2 protein chains.
Amino acid sequence: MEDKKAQIIHSAIQLFQAKGYGGTSVRDIATKAEMNVSLISYYFNNKDGLLRNIFLLYFEKYFQTIEETVFKHSDKEDSEFIYEYIHAILSFHAKEHVLSRFVLREMATDTQLVRELTATYLMKERQYFISLFHKIPVQDTPAIPDRFLLLQFKSMLIMPFLQAQYAREVWQLFPNEPYFVDRHTQVIMQWVTKTWVLPPKQRLKVAY
Amino acid sequence: MEDKKAQIIHSAIQLFQAKGYGGTSVRDIATKAEMNVSLISYYFNNKDGLLRNIFLLYFEKYFQTIEETVFKHSDKEDSEFIYEYIHAILSFHAKEHVLSRFVLREMATDTQLVRELTATYLMKERQYFISLFHKIPVQDTPAIPDRFLLLQFKSMLIMPFLQAQYAREVWQLFPNEPYFVDRHTQVIMQWVTKTWVLPPKQRLKVAY
């Protein structure tokens with residue numbers, strides 16, 4: 001049973017990637033998965049239900065990765081902890097690169113489903129990022145509102161996977177390879193240690 | 001004549017945004033633009049032709065912005081020049097935010113057209129970025145390949161516009177407003193001055 005569900009999801013992701021969500025029909029998915037259309041209806045109701053299922057599956061895995069990392073490295077010192085945290089998120093995206101690219105692209109559309117998911121999952125992610133951010137030592141540097149830095153942080157984490165083709169063709173970087181993950185973690189860490197330092201007043205701003 | 005072309009493009013962008021490229025038909029576009037389908041065929045051949053036209057229009061405007069900025073600020077000192085350069089690109093994205101979001105999202109798909117555009121326009125952009133990069137003073141810092149920094153640079157420039165909804169709903173930041181453009185330029189400049197400094201050997205690597 002679970003195998004069939006997984007098979008439908010796998011076929012759907014491939015078709016959505018190649019033809020876009022709007023350009024793919026339930027019939028296309030059934031054909032690719034070598035299954036009857038009625039089975040898709042049975043499991044997912046319709047195409048929207050299938051998309052929702054893919055999103056939920058993705059975010060559950062994503063938060064599981066973060067939570068496991070936090071648990072596993074909780075006794076490490078701050079900068080090491082942050083390194084492991086970033087590395088785990090990038091490894092997740094690298095491992096799930098096809099799914100990740102699809103989800104990140106779909107999250108850039110303006111639909112009811114995306115708004116719902118943003119309100120739940122991305123607000124949860126926000127809390128995780130703020131917690132991480134609070135691990136950074138306080139210093140006196142030019143005051144820039146934290147939200148801009150957190151947006152920049154998010155950009156760095158997802159951009160190579162969302163624009164994988166750009167990374168590959170323009171810079172010959174392959175975001176799904178372990179080498180990329182390691183180096184990109186280092187580059188983000190360099191940014192963290194050099195620019196993620198804010199005066200105490202600024203740091204509080206983010207929690208409103 | 002040009003008005004009608006512009007009207008078709010405008011309607012197409014709105015529909016592509018709302019329903020996706022695959023989910024929009026030429027008939028939908030004709031209905032929205034209040035025009036006969038045959039006129040779309042006359043100007044753009046088909047839906048692919050229309051998409052190509054939108055991309056070309058966008059990139060022409062984009063490079064015009066960069067070129068004008070380079071020309072206008074060529075006598076400024078390096079850090080000021082870089083500031084104006086970043087500010088001009090962000091202003092362009094803010095001004096064209098609907099079109100920008102659409103093009104950036106479509107560029108994340110894997111089609112023949114996207115590959116072609118990457119090979120021409122994004123390789124041209126690459127050259128511009130490398131030239132800008134060479135304005136940064138050389139210092140001794142941990143060696144990280146430039147390509148990673150340039151990928152990071154690109155991420156920062158486009159991400160808020162591509163994930164505009166995320167910026168808005170999660171961080172209450174509004175990328176199409178002048179305030180955002182000014183502050184985001186400052187944040188990127190902070191990153192440039194603090195992490196964009198590499199030993200000479202590393203800097204050459206990018207030009208191979």
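This note covers the aromatic rings of a predicted model.

1. Ground rules. Residues count from 1 along each chain as its sequence is written, chains are lettered from A in the order in which they are written, and side-chain values use heavy atoms, without hydrogens or water. Because the model is predicted, local features need pLDDT of at least 70 and side-chain atom pairs count only at pLDDT 80 or more, while totals for chains, interfaces and linings use all residues.

2. Aromatic pairs. The whole structure holds 34 of them over all chains. Rings of Phe, Tyr and Trp (its six-membered ring) pair if their centres lie within 6.5 Å; planes under 30 degrees apart are stacked, over 60 edge-to-face, and the rest tilted. Take A:Tyr58 and A:Phe59: the centres are 5.4 Å apart and the planes stand at 80 degrees, so this pair is edge-to-face.

3. Burial of that pair. A:Tyr58 is buried, at 2% relative accessible area. A:Phe59 is buried too, at 4%. Buried means under 20% relative accessible area (1.4 Å probe, protein chains only).

4. A pair within one helix. A:Phe81 and A:Tyr85 both sit in helix H5 of chain A, residues 78–95. They are 4 residues apart, about one turn of the helix. Helices here are DSSP runs (H or I, at least four residues), numbered from the N terminus. Both residues are buried.

5. A cluster. A:Tyr58, A:Phe59, A:Tyr62, A:Phe63, A:Phe92, A:Tyr121 and A:Tyr128 form one aromatic cluster.

6. A charge over a ring. A:Lys124 lies over the face of A:Phe63, 4.4 Å from the ring centre. In chain B, B:Lys124 lies over B:Phe63, at 4.4 Å from the ring centre. The test: NZ of Lys or CZ of Arg within 6 Å of the ring centre and within 35 degrees of the ring normal.

Note on methods: Buried < 20%, exposed > 50% of the residue type's maximum accessible area, 1.4 Å probe, protein only. Helix = DSSP H or I, 4+ residues; strand = E, 2+ residues; numbered from the N terminus.
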